[in-house]
Amino acid sequence: MLKKFLDLGEQPLANSYLKKSQLKKREKKIKLEIVFNEKNYLVSIKKKVSKFLMFNADYPYRSSQSSTMIKSFRDISNEIKKKFNPKFIIEIGSNDGTFLKNFKKNKIIGIEPCKNVAKITKKIGYKTIDKYWTIKLAKILIKEKKADIIYSANTLSHIENLDETFNAINIALKHDGVLILEGPALLPCIKFNIYDQFYCEHIYVFSTISLKQILKKYDFEIFDLKNLSTHGGSTRYFIKKKINKRIKIYNSVNKEINKEITFGLSKFSTYKKFAKNVKKSKLKLISILKQLKSSKKKVIGYGATAKSCTVLNYCKINSKQINYFYDTTPNKINKFLPGSKIFIKKYKKLRKKDADIVFLGAWNFKKEILNKEKLFLREGGKFLTHIPNVKLFSK
Ligand code: JHZ
């Protein structure tokens, strides 16, 4: 049974940045409610949005916009080469090729349904299929060859139809092949009050206990995992077909399962408690922004993330509280954040003369950003974050 624990209100589509000409038009909105499945422990959003509305030729997100992600993809690529020495890799959700580029062009193909993004990797010579990942596509691919590795980062949580996804993976992966999945993890999400990880694109936020149950249905099993700091806390799962008895199951799997159960991820009461903390966080953020406004401080935002969409709309923050956002992504610049309609300016190095306080929309890149903006801090500027707690800080 699905049990609702959090209501994040009416929300626009997170990556649907608005052009000036669209400001007066009515935006598509959904009721963003988060539910817990008591049977398989899966946490998901209740109302799903059609993939065609979210992942199309206007998709703005580019994974290459942070050095943290470039390094993370380089590290896993080196690990894959060393551990598995694959002849052929399929990447599901290849975005702008931040992972693909670490491999020789004849060893890897990308699957990327957003045609504008797929064009980027096609242009630099990587075979990229601009279609959704389906059984039909997997059957076409295996006419040439099956994959030794199927890799997918920050994508599985975006695909509603898990049956289609895993059945297609089963077809395209060799019987001794390895499936590597990574994405935001539920444990840090609940522990650190990361409620902005929920938005239309994140249909699911997986835990090990939920993924294990889901995989069983398709005869897959997790044999190893690694927790990562990316995106505020992610898990990278190494998965094999059950028929493959050559690979042993590492202790890391049971260790993580025990950690999740001890924390309470299998109990509904944990999620109810989380929802209470989310409400408290909202009130505090609204109150700090109100105080800043009354003391005439200029507040701007940094990183017009999909996550920001959830926070801004849930807390009803608009350009009265945050003047504008800085972002480096070409497709977001000179547009407006959905719902809140806050303007996005081309990133410029932060200076105190431009802002007193900077709201960290991309809080998950705090380390990288603070490193870049030392001058602003030296000049007396401050950052405002809402994760894990709402606070102003200067180091
Ligand atoms: P970032 C997206 O979420 C959407 P978002 C998606 N659904 C998903 O799952 C994750 O990515 C993986 C900017 N920036 O990565 C770039 C700067 O301007 O947290 C990005 O617009 N300067 C697919 O949008 C944004 O911040 C910087 O120095 O929540 C970061 O977005 C840095 C480091 C980033 O993902």
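Colleague: Which side chain has an N or O atom 2.7 Å from an oxygen atom of the ligand?

Modeller: Asp 327 does: an N or O atom in its side chain is 2.7 Å from a ligand oxygen atom. Bear in mind that this is a predicted model. Two other contacts belong with that one. Tyr 61 places a polar side-chain atom 3.0 Å from an oxygen atom of the ligand, and for Thr 329 the corresponding distance is 3.1 Å.

Colleague: How much of the ligand does the protein bury?

Modeller: The ligand taken alone exposes 720 Å², and the protein buries 97% of that.

Colleague: Which residues come nearest to the ligand, and how many are around it?

Modeller: There are 26 residues around the ligand. Those that come nearest are His 158, Glu 201, Lys 307, Lys 332 and Lys 372. By class, the shell contains 12 polar, eight nonpolar and six charged residues.

Colleague: Which helices supply at least two residues each to that shell?

Modeller: Helices α10, residues 306-314, and α11, residues 366-372, each supply at least two. The element that gives the most is α11, with three residues.

Colleague: Now the empty space. What does one look for in general?

Modeller: A probe the size of a water molecule is rolled over the atoms, and this shows where empty space is left. In this structure, a search of the whole model finds three cavities of 30 Å³ or more. The largest cavity holds about 120 Å³ of space.

Colleague: Which residues line the largest cavity?

Modeller: The lining includes Leu 156, Ser 157, Phe 206 and Leu 211. Also in the lining is the run Leu 181, Glu 182, Gly 183, Pro 184 and Ala 185. Thr 235 and Tyr 237 complete the list. By class, the lining divides into seven nonpolar, three polar and one charged.

Colleague: Which strands supply at least two residues each to this lining?

Modeller: Strands β8 (173-184) and β11 (234-241) do. Of the elements, β8 gives the most, with four residues.

Colleague: What of the second largest pocket: how much space lies in it?

Modeller: About 650 Å³. It is lined by 25 residues, and the closest to its centre are Thr 68, Ser 229, Thr 230, Asn 364 and Lys 367. The elements that give two or more residues to the lining are α2 (67-84), β10 (220-228) and α11. Helix α11 was named above for the ligand shell, to which it gives three residues. In the pocket lining, however, α2 gives the most, with seven residues. The classes here are nine charged, eight polar and eight nonpolar.

Colleague: And sheets: how are they held together in general?

Modeller: Strands of a sheet pair through backbone hydrogen bonds, either parallel or antiparallel. One case here is an open sheet of four strands in the order β1-β2-β3-β9, with antiparallel pairing.

Colleague: Why is one side of β1 and of β9 left without a neighbour in the sheet?

Modeller: Strands β1 (2-12) and β9 (204-205) stand at the edges and each has a single partner strand, so one side of each has no neighbour in the sheet. The partner of β1 is β2, residues 29-37, joined to it antiparallel by eight bridges.

Colleague: Where do strands run parallel?

Modeller: Strands β15 (357-360) and β16 (382-385) run parallel and are joined by three bridges. Phe 359 stands opposite Leu 384 in β16. On the other hand, β16 and β17 (391-393) pair in the antiparallel sense, over three bridges. In that pairing, Thr 385 stands opposite Lys 391 in β17.

Colleague: How many residues does the hairpin from β16 to β17 pass through?

Modeller: The hairpin joins the two strands through five residues. Pro 388 lies in this loop. The peptide bond that joins Ile 387 and Pro 388 is cis, with omega about -5 degrees.

How values were computed
Residues numbered from 1 in each chain as written. Predicted model: local features only at pLDDT ≥ 70, side-chain atom pairs only at ≥ 80, totals over all residues. Heavy atoms only, no water. 1 Å grid on protein atoms, 1.4 Å probe; cavity = no way out; pocket = protein on both sides within 12 Å on 5 of 7 lines; lining within 4 Å. Points joined across faces, edges and corners; volume = space filled by probe spheres on them. Nonpolar A, V, L, I, M, F, W, Y, C, P; charged D, E, K, R; others polar. Near = heavy atom within 4 Å. Polar contact = N/O pair within 3.5 Å; in protein donor to acceptor, adjacent residues only side chain to side chain. Areas by Shrake-Rupley, 256 points an atom, 1.4 Å probe, with all protein chains shown as cover. Pairing = 2+ DSSP bridges.
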